[in-house]
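Here is a short briefing on ring pairs, sheets and helix packing. Please keep the structure open while reading.

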Amino acid sequence: MGYTIAQKIIKEHLVTGEMIVGTDIGLKIDQTLTQDATGTMAYIEYEAMGIPRVKTEKSVAYIDHNTLQTGFENADDHRFIQSVCKKHGIYFSRPGNGICHQVHLERFGKPGKTLIGSDSHTPTGGGIGMLAIGAGGLDVAVAMGGGAYYITMPKMVRVNLTGKLNPWVSAKDIILAVLRVMSVKGGVGKIVEYGGEGVKTLTVPERATITNMGAELGATTSIFPSDETTKEFLKAQGREEDYTELSADADAVYDEVIEINLSELEPLAACPHSPDNVKPIKELEGQQIDQVCIGSCTNSSYLDLMRVAHILKGKKVADNVSLAIAPGSKQVFNMLALNGALGDMIAAGARILESACGPCIGMGQSPNSKGISLRTFNRNFEGRSGTADGQIYLVSPETAAVSALSGVFTDPRSLGEAADIEMPEKFLINDNMVIEPAPVEEMDSVEVLRGPNIKSYPKTSPLTDTIEASCSLKVGDNITTDHIMPAGAKILPLRSNIPKISEHCFTVCDKEFPARAKTLGQSIIVGGENYGQGSSREHAALAPLFLGVKAVLVKSFARIHKSNLINAGILPLTFTEPADYDKIKLGDMLELPNVKEEIAEGKQVTVVNKTTGESFVADCELSDRTRAIIIAGGLLDYTKENS
């Protein structure tokens, strides 16, 4: 029996375990990336391990999230990260150099290599055949120190692409079509692998759009073959030597196969407030819009923005629309400036933003109240835009640009013949905004610079024999990390200050939660299906840890958030019977009378509702390693004990 692409990379990097679906495996990690919203905490955690120099082939720190410097906090974080990078062997991508996933794809990613990043859209690297996985900051810190990265061996899904996209239909429409089939939780525990003749018709940036937004499936990662198209992209980036051919064996076996005929696709939109709430643009046509934002790590490539510039050239943005465009990297920005495309966009009335995450992470460009905003981004969770009642639609760059001109939802196919935008034979290469680390002989003399907003990792403690705690919060299905730990211009600068940022924990759902949890001292959160979907931000675990949350009891977890809870030493429990969810109310006193013994022995955990007198058992699916992490009080404690 042959191997899939992902299985080949896993086999090559397997440190512990066997490639048996559902079992724990440890992988050697070749590359890591961080961004500044998660990076400060990741580097604080790395420092705590006491390892002088990173042991990966390449680790890169990007500044792309917290670039709206409304106070000293973000600038201090950037300075801290830069100094840590210089001292410990990490490359530093300065503010303005671009979005981490776009730049990493252009300048550092290599087919066949493993990459983990403290950002959920790290799977963008799958567009060039990397096994690229989003992870918590602590997992990234451990990998930088030479430790293995542990995941549950996923199932393999093949998305078979046939045919060829029609004019004005794009890669964004492909991933929206996959989301329509699989849903936001359909990829949990799976790797999505793209194959078929249709793959050859897609450029690397188009493939990267698809793997980027595979994060919204809940998948471990997504991956494309590394082929002649990949080789040409790397050659154009001056990195032909990084090319490795990589494809699935003809007799590879997949757990699931999905067929997508590219020739049958049409322009699509993900409607509020979920990436899988997908409808054809033709069903929305004529509805007035207020704002258009083009960019993000999903759709900010040279190819994307050249198509946008072609649509806007010689035209004028509608009076009722605010159009903002953010090139994904300095490379893209500079090339657009030199070839005149940037001038075409500016002349049409676009507002050009810096090469950063910007509106996607809630850093500026919030729409007006109840405003309809078309965005080429990857998430449209309620409130994520910074406007609580904003109506956010996810669309392709083509749909976004033509709608910005008309002022209403418009099918781009109405424009007639599409421009044939070619990939450049050679990209403009200038890495002067990537700072190399200090040589080994100079690293001891480098001072790490800390600002007053940078606080330590929250206090942890080993698992106790018994837990008795009130239910401090009860929430429903599809709670995102944006619900748990909101982003935005006011809150993001607090990412390096867990005590301060915890004051905003769950305030989207319940404004009283932080104060209530703090008063209780220790508590348990209860939730529904797909709890913790979305971002990899470990702050969604660290803030509850600081507020005394001992366990989270839900119907099901999203992968990265469950891992982050374990790393923080918070028990991840799931209802064995969904009906047991209804047996708990806010304020009920819950007891886990034999929790340490039950966890240690791999048993189900007894839950007693002391308020009602009812009891039931909950599952706690842990491997031997994660069981030991929970008992130790979290991954930092476990690492110290076992180093």
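**Aromatic pairs and what they join**

Phe-427 has a relative accessibility of 5%, so this residue counts as buried. The model is predicted. The points below start from the ring pairs and then turn to the sheets and the helices.

- Tyr-302 counts as buried too, because its relative accessibility is 11%.
- The whole structure holds 8 aromatic pairs.
- One of them joins Tyr-302 to Phe-427. The two rings are edge-to-face, with 6.4 Å centre to centre and 80 degrees between the planes.
- Tyr-302 belongs to helix α9 (residues 302-312), whereas Phe-427 sits in the loop between α12 (397-406) and β20 (434-435). The pair therefore ties together parts that lie 125 residues apart in sequence.
- Phe-233 joins Tyr-302 and Phe-427 in a cluster linked by ring pairs.
- What kind of aromatic pair do Phe-575 and Phe-616 form? The pair is tilted, at 5.9 Å centre to centre and 35 degrees between the planes.
- Phe-575 lies in strand β24 (residues 571-575) and Phe-616 in strand β27 (residues 615-619), so this pair ties together parts 41 residues apart in sequence.
- Phe-575 and Phe-616 are both buried.

**Charges over rings**

- Lys-58 places its charged end over the ring of Tyr-91, 4.0 Å from the ring centre.
- Lys-555 lies over the face of Tyr-581. The distance to the ring centre is 4.5 Å.

**The loop between α12 and β20**

- Ile-421 is placed in the loop between α12 and β20.
- Is Ile-421 buried or exposed? Ile-421 counts as buried, because its relative accessibility is 18% and the cut-off for buried is under 20%.
- Beyond its neighbours within four places in sequence, Ile-421 is in contact with Leu-303, Met-306 and Arg-307.
- Val-332 is 89 residues from Ile-421 along the chain. Their C-alpha atoms are separated by 14 Å.

**The sheet of 4 strands**

- This open sheet runs in the order β11-β10-β9-β12, with parallel pairing.
- The edges are β11 (221-223) and β12 (256-261). Each has a single partner strand, so one side of each is left without a neighbour in the sheet.
- Neighbouring strands here are turned by 20 degrees against each other on average, direction ignored.
- Strand β9 (residues 155-162) runs parallel to β12 and is joined to it by 6 bridges.
- Within that pairing, Val-159 has Ile-258 of β12 as its bridge partner.
- Helix α1 (residues 5-13) lies across β9, β10 (190-195) and β11. The helix runs at about 125 degrees to β10.

**The sheet of 6 strands**

- This sheet is also open, in the order β7-β6-β3-β4-β5-β20, and its pairing is mixed.
- Strands β7 (131-134) and β20 are at the edges, where each pairs on one side only.
- Strand β6 (residues 114-117) and β7 run parallel, joined by 4 bridges.
- Gly-117 stands opposite Gly-134 in β7.
- Helix α4 (residues 100-107) packs on the sheet and touches β3 (31-35), β4 (58-62) and β6. Its direction makes about 150 degrees with that of β3.
- Helix α5 (residues 137-144) lies across β3, β4 and β6. Its angle to β3 is about 140 degrees.

**Helix α19 and its surroundings**

- How do helix α19 (residues 624-632) and helix α20 (residues 635-642) cross? Their axes come within 7 Å and cross at roughly 100 degrees.
- That angle makes α19 roughly perpendicular to α20, because angles of 65 to 115 degrees count as such.
- From α19, the contact is made by Arg-625, Ala-628, Ile-629 and Ala-632. From α20, Leu-635, Asp-637, Tyr-638 and Glu-641 take part.
- The buried residues of α19 are Arg-625, Thr-626, Arg-627, Ile-629, Ile-630 and Ala-632.
- These buried residues pack against β2 (24-27), β8 (149-152), α17 (559-567), β24, α18 (595-600) and α20. Strand β24 is also where Phe-575 lies.

Methods: Residues are numbered from 1 along each chain as its sequence is written. This is a predicted model: local features need pLDDT of at least 70, side-chain atom pairs count only at pLDDT 80 or more; totals for chains, interfaces and linings use all residues. Side-chain values use heavy atoms; hydrogens and water are left out. Rings of Phe, Tyr and Trp (its six-membered ring) pair if their centres lie within 6.5 Å; planes under 30 degrees apart count as stacked, over 60 as edge-to-face and the rest as tilted. Helices (H or I, at least four residues) and strands (E, at least two) are DSSP runs, numbered from the N terminus. Buried means under 20% relative accessible area, exposed over 50%, partly exposed in between (1.4 Å probe, protein chains only). A charge sits over a ring if NZ of Lys or CZ of Arg is within 6 Å of the ring centre and within 35 degrees of the ring normal. Contact means heavy atoms within 4.5 Å. Two strands pair if DSSP finds at least two bridges between them. Axes are lines fitted to C-alpha atoms, for helices over the stretch in contact, and angles run from 0 to 180 degrees between N-to-C directions. Angles under 35 degrees count as roughly parallel, over 145 as roughly antiparallel, 65 to 115 as roughly perpendicular and the rest as oblique.
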